[in-house]
Amino acid sequence: MDRDPNAPPLNPLPPVVWLLVLPLIGVELAIQVQAAGLAGAPNGLGWRQALFQHLMLLPDVLRLQWQTGGHPAAELHRLLGYALVHASFTHALFAVVLLLALGKAVGEIFRAWAVVVVALGATVAGGMAYGLLVPGLKTPLVGAYPAIYGLIGAFTWLLFTNLARVGANKYRAFRLIGFLLLAQFLFGVLFGGNWDWVADITGFVAGFLLSFLVAPGGFAHVRALIRQR
């Protein structure tokens, strides 16, 4: 079998993927360095807890902002900031791995700005749904998983349109999200669930719908769907 001696050892990633992933890696690396006693005050507040206080999405605060038209404005950064900090090293590791895989799949088709729009749009939409749709919810939200589900939505859009183009059953594209939701449900039954799935599924829907606007040829697909109706 012929091999290219100049081929890179790893498949190159679109630069936009590193733009999304490196902040997560940097935050978690800093937390681990501090936890190992190599930085920060030894008896001070852990950096993970400090970042939680500064970045986590607080449903009570979000509901207040909704009622007051965005006030206190100083807390609006939480709608994006919560994605930067994770509950544990493992939580962050899975987020990075999934972002790398899904970012590569979507970033090789979508333009860089479109990938950013999908990821950030899913983050904001997921955070708002989590904070506003569950009455009385007080548990904070952290982690990049709504953005990841947004990229799953964009990947599903790619499958959906490709299957429609060849005349196959386009609804097969939703098997991946169906499997993930089933796995999440079973995990919740076995180990106790929370309301994070509201943010995740909203992120998926946002990513899928945004793809009709930002993906190459997205507007053409919108027109085709309108004509079918």
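I count a residue as buried under 20% relative accessible area, as exposed over 50%, and as partly exposed in between, using a 1.4 Å probe and protein chains only.

**Entry 1: ground rules**

I am working with a predicted model, where local features need pLDDT of at least 70, side-chain atom pairs count only at pLDDT 80 or more, and totals for chains, interfaces and linings use all residues. Residues are numbered from 1 along each chain as its sequence is written, and side-chain values use heavy atoms, with hydrogens and water left out.

**Entry 2: the whole chain**

I looked up the secondary structure and found 10 helices and zero strands. Helices (H or I, at least four residues) and strands (E, at least two) are DSSP runs, numbered from the N terminus. Of the 229 residues, 37% count as buried. I then looked up contacts, meaning heavy atoms within 4.5 Å. Among contacts with a separation of 6 or more, 77% come from residues 24 or more positions apart. The accessible surface is about 13,100 Å², and 69% of that belongs to carbon and sulfur atoms. Such areas come from the Shrake-Rupley method with a 1.4 Å probe; for residues, only the protein chains shown count as cover.

**Entry 3: E28 and R48**

I noted five salt bridges in the structure. A salt bridge is a side-chain nitrogen of Lys or Arg within 4 Å of a carboxyl oxygen of Asp or Glu. One of them joins E28 and R48, whose closest N and O atoms are 2.7 Å apart. E28 lies in helix α1 and R48 in helix α2 (residues 47–55), so this pair ties together parts that are 20 residues apart in sequence. Are E28 and R48 buried or exposed? I found E28 buried, and R48 likewise.

**Entry 4: the network at D60**

I found D60, R63 and K138 linked in a network of salt bridges. R63 and D60 meet at 2.5 Å, N to O. Both sit in helix α3 (residues 59–68), three residues apart, which is about one turn of the helix. R63 is buried at 19% relative accessible area, while D60 is partly exposed at 38%. D60 also meets K138, at 3.2 Å, N to O. K138 is in the loop between α6 and α7, so its pairing with D60 in helix α3 ties together parts 78 residues apart in sequence. K138 counts as exposed, with 59% relative accessibility.

**Entry 5: helix α1**

Q34 is in helix α1 (residues 15–35), and I list Q34 as buried because its relative accessible area is 12%. A polar atom of its side chain lies 3.3 Å from the backbone nitrogen of W47. L29 is in helix α1 too, but L29 counts as exposed at 53% relative accessibility. L29 forms a nonpolar patch on the surface with W18, L22 and I25, with about 370 Å² of accessible area together.

**Entry 6: the cores**

In soluble globular proteins, nonpolar side chains tend to be buried together. I took a nonpolar core as a set of buried Ala, Val, Leu, Ile, Met, Phe, Trp, Tyr and Cys residues joined through side-chain atoms within 4.5 Å. The largest has 35 residues, and L99, F110, V115, I148, L151 and W157 have the most contacts inside it. The elements giving two or more residues are α1, α5 (89–107), α6 (112–133), α7 (145–165) and α9 (196–214). Which element gives the largest share of this core? I found that α7 does, with 11 residues. A second, separate core of 11 residues includes L62, Y82, V134 and V198.

Terms used: Polar contact = N/O pair within 3.5 Å; in protein donor to acceptor, adjacent residues only side chain to side chain. Patch = residues over 30% accessible without salt bridge, like charges linked within 9 Å, V, L, I, M, F, W, Y side chains within 5 Å.
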